[in-house]
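Open your viewer and get ready to pick residues one stop after another. The tour starts with a single side chain and then moves out to the whole chain.

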Amino acid sequence: MLLTADIGNTNIKFGIFDKKELIRTLTVSCDKAKTADEYGVELYSLIRVMGIHRDDFDGCIISSVVPLVTTRIEDATRSILGVDPMIVGPGVKTGLNIRIDDPSTLGADLVVACVAANHCALAPMIVVSMGTATVFCVIDKNGSMVGCNIAPGVAVSLEALTKNTALLQSVNFKAPNTVIGKNTDKSIRAGVVWGSVCMIDGMIEMIEKELGQPCKVIATGGLSEKIIRYCAHDIEIKENLILEGLRLIYERNQRG
């Protein structure tokens, strides 16, 4: 079995693969104050619930955008599973051609998402990652990652709005029936949800115009289910895209 871990700024998502099948996921908060032992307890709880023994694991692979937490997850996996994790970064073969000014600056999560997207669909593509930030990765017709754009995430925008405005309360992400709100709650939800929808649809159109051809669009991330359903474009949601990409990269390096 293979343990995969995607460490983001807000959450850490673990996935357990039995060969090519993803059999379980677990999401925990990414907290820089947590120790390796605390992460180890959470990981141990996951495998206990599954009825899996530590000796069943052949390996582990991690992508991370939080270096401090990376080392703690590494220590936790060594302690609980007895394996040395592979970290997506320099020296790891991904098979992705990255055509940006400095490929080393591209986040590991985005690299992994593009690898998975190339595996499951035909380029050109747009990969929309909706987490702490909303990122649009562009893959050209040759399967090369040629650039991206980054916007504040939906949850981050809502938090900033309600946190810094005394009279506005926190709301959920359920879209109101109209874009013209008649009360504070509906007005905020209209602005946040429908505003995000307009941004996504508009960004797709601008990217396709710049590339000069239509693109397959794939979305992933915790908020994709809440927002993408309202978009005008045909967008495929792949909730576990990064976990699948981690498995593919691990297998590529094992073959190598």
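**First stop: Phe14**

Select Phe14 and show its surroundings: leaving out residues up to four places away in sequence, it touches Leu3, Thr4, Ala5, Arg24, Thr25, Leu26, Val28, Leu43, Leu46, Ile73 and Leu243, where contact means heavy atoms within 4.5 Å. Before going on, please note that this is a predicted model, in which local features need pLDDT of at least 70 and side-chain atom pairs count only at pLDDT 80 or more, while totals for chains, interfaces and linings use all residues. Residues are numbered from 1 along each chain as its sequence is written, and side-chain values use heavy atoms, with hydrogens and water left out.

Phe14 sits in strand β2 (residues 11–18); helices (H or I, at least four residues) and strands (E, at least two) are DSSP runs, numbered from the N terminus. Phe14 counts as buried because its relative accessibility is 1%. On this scale buried means under 20% relative accessible area, exposed over 50%, and partly exposed in between, with a 1.4 Å probe and protein chains only. Now draw a distance from Phe14 to Leu43: they are 29 residues apart along the chain, and their C-alpha atoms are separated by 8.4 Å.

**Along the loops**

Next, go to Lys19, in the loop between β2 and β3 (21–29). Is Lys19 buried or exposed? With a relative accessibility of 70%, Lys19 counts as exposed. Check its backbone too: Lys19 is not a glycine, yet its phi is positive, at about 60°.

Move on to Pro124, in the loop between α3 and β6. The peptide bond joining Ala123 and Pro124 is cis, with omega about 5°. Both backbone features deserve a look, because most residues other than glycine have a negative phi, and most peptide bonds are trans.

Now pick Ser144, in the loop between β7 and β8 (145–152). Ser144 is buried, as its relative accessible area is 4%. Apart from residues up to four places away in sequence, Ser144 touches Asn97, Arg99, Val138 and Ile139.

**Into the cores**

Which members of the largest nonpolar core touch the most other members? Select Ile61, Leu96, Val127, Cys137 and Leu246, out of 33 residues in that core. A nonpolar core here is a set of buried Ala, Val, Leu, Ile, Met, Phe, Trp, Tyr and Cys residues joined through side-chain atoms within 4.5 Å. Colour α3 (108–120), β6 (125–130), β7 (133–139) and α7 (241–255), each of which supplies at least two residues of this core. Helix α3 gives the most, with nine residues.

Zoom in on Cys137: beyond its neighbours within four places in sequence, it is in contact with Leu110, Cys114, Met125, Ile126, Val127, Met145, Gly147 and Cys148. Then jump to a second, separate core of 25 residues, with Val154, Ala175, Val192 and Ile204 among them.

**Zoom out**

Finally, show the whole protein chain as a cartoon, with its seven helices and ten strands. Along its principal axes the C-alpha trace spans about 60 × 45 × 30 Å. Buried residues make up 47% of the 256 residues in the chain. Among contacts with a separation of 6 or more, 58% are between residues 24 or more positions apart.
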